[in-house]
Amino acid sequence: MIGGRVRTALLAAFAVISLAGCELKDDGDNLVNGKTLFVQKCGSCHTLARADAKGVVGPSLDEAWQQSARDGLGRSTFEGIVHRQILQPNQNPSVDPVSGKEVKPMPPDLVTGEDAQDVAAYVASAAANPGKDTGRLATAGAPKQQELAKAEGGKLEIPADPNGATAYAFADAEAPAGQLTINSVNESSVDHDIALEGNGVNEKGEVVRDGGTSTIETDLQPGEYTFFCSVDGHRQAGMEGTLTVK
Ligand code: HEC
Ligand SMILES: [Cu+2]
């Protein structure tokens, strides 16, 4: 709904400019850079299947392209729309017609200059494009995630992805029963925290970025708990895992 209104406004503004340039670039390097930045800067809010992005704060970009295609647009026009949205996002907060919740506007200047072009080129080429990215593009931007974080000396370290992907550095975690301090250092510039729920526990650390550490101090019985990031949309986007306490 929101996307549709924005698109109509953008289209009107864009119709003229699109003739002047902005051809779809398919140079490999640009797309690798574009995908890497997309995962870091956009994936927490948008869904784009090829980038393994599952954000739900803004509209799905796979669906945005499908709608544009139904409107008769080509991928290069869509690339221009994405580029323009990055440079000049609508700054008026709007209300989600489904949930009735206020939607925070998309932040401006997440990427600029050629980076913005690369991101737009990647989104335009990847949106609702069946199949998977191949070659160097396949792994671009993918967070390096390890399987299992293990508690040591009453401390469990579950850092956020240092590059800003919407992920923790570990998929799951394990700790002995008893007193436990859970630390989540976040080197990136995207807000994250660490929260824990299950078996009557419901705790949440501070939201941090730029090297800050989100911390929970708790006392746990054996069982399964879920750790997650409570920043809007991040849990749905993949920031959650199981903490098994033995
Ligand atoms: C903090 C959340 C957030 C981030 C990060 C974010 N967006 Fe958005 N985006 C939104 C919201 C909310 C909307 C819908 C309202 C609007 O247009 O501002 C939106 C709208 C869009 C649209 C228009 C879609 C349509 O259907 O009309 C595009 C394209 C887009 N974003 C691309 C991007 C790209 C590319 C990035 C990364 C550079 C990005 N967004 C980062 C929240 C975000
Ligand atoms: Cu987060």
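Author: Two strands pair if DSSP finds at least two bridges between them, and strands (E, at least two residues) and helices (H or I, at least four) are DSSP runs numbered from the N terminus. This is a predicted model, in which local features need pLDDT of at least 70, side-chain atom pairs count only at pLDDT 80 or more, and totals for chains, interfaces and linings use all residues. Residues are numbered from 1 along each chain as its sequence is written, while chains are lettered from A and ligands numbered from 1 in the order in which they are written.

Reader: How do you know that strand S9 pairs with strand S12?

Author: Three bridges join S9 (residues 195-198) to S12 (residues 223-228), and at least two are needed, so the two strands count as paired. They run antiparallel, and Glu-197 has Thr-226 of S12 as its bridge partner.

Reader: What makes S5 and S7 a pair, and which way do they run?

Author: Four bridges link S5 to S7 (residues 170-175), and the strands are parallel. Leu-148 is bridged to Asp-172 in S7. S7 is also joined to S13, by three bridges and again in parallel; there Ala-175 has Val-245 as its bridge partner.

Reader: What sheet do the strands form, and in which order?

Author: An open sheet of six strands, in the order S5-S7-S13-S12-S9-S10, with mixed pairing. S5 (146-150) and S10 (201-204) each have a single partner strand, so one side of each lacks a neighbour in the sheet. On average, neighbouring strands are turned by 25° against each other, direction ignored (the axes are lines fitted to C-alpha atoms).

Reader: Why is Ala-237 called buried?

Author: A residue is buried if 20 or more other C-beta atoms, placed from the backbone, lie within 10 Å of its own, exposed if 12 or fewer, and partly exposed in between. Ala-237 has 24 such neighbours inside 10 Å, so it counts as buried.

Reader: Where is Ala-237 found, and which residues does it touch?

Author: Ala-237 is in the loop between S12 and S13 (240-245). Leaving out residues up to four places away in sequence, it touches Gly-43, Ser-44, Lys-54, Gly-55, Val-56 and Thr-166 (contact: C-beta atoms, placed from the backbone, within 7 Å). Ser-44 is 193 residues away in sequence, yet the C-alpha atoms are 6.2 Å apart.

Reader: Which residues of helix H3 are buried, and what makes them line one face?

Author: In H3 (residues 61-70) they are Leu-61, Ala-64, Trp-65 and Ser-68. Down the helix axis they fall within an arc of 95°, so they line one face (the arc uses directions from the axis to the C-beta atoms). Just after H3, Gly-72 takes a positive phi of about 90°.

How values were computed: Axes fitted to C-alpha atoms, helices over the stretch in contact; angles between N-to-C directions. Contact = placed C-beta atoms within 7 Å.
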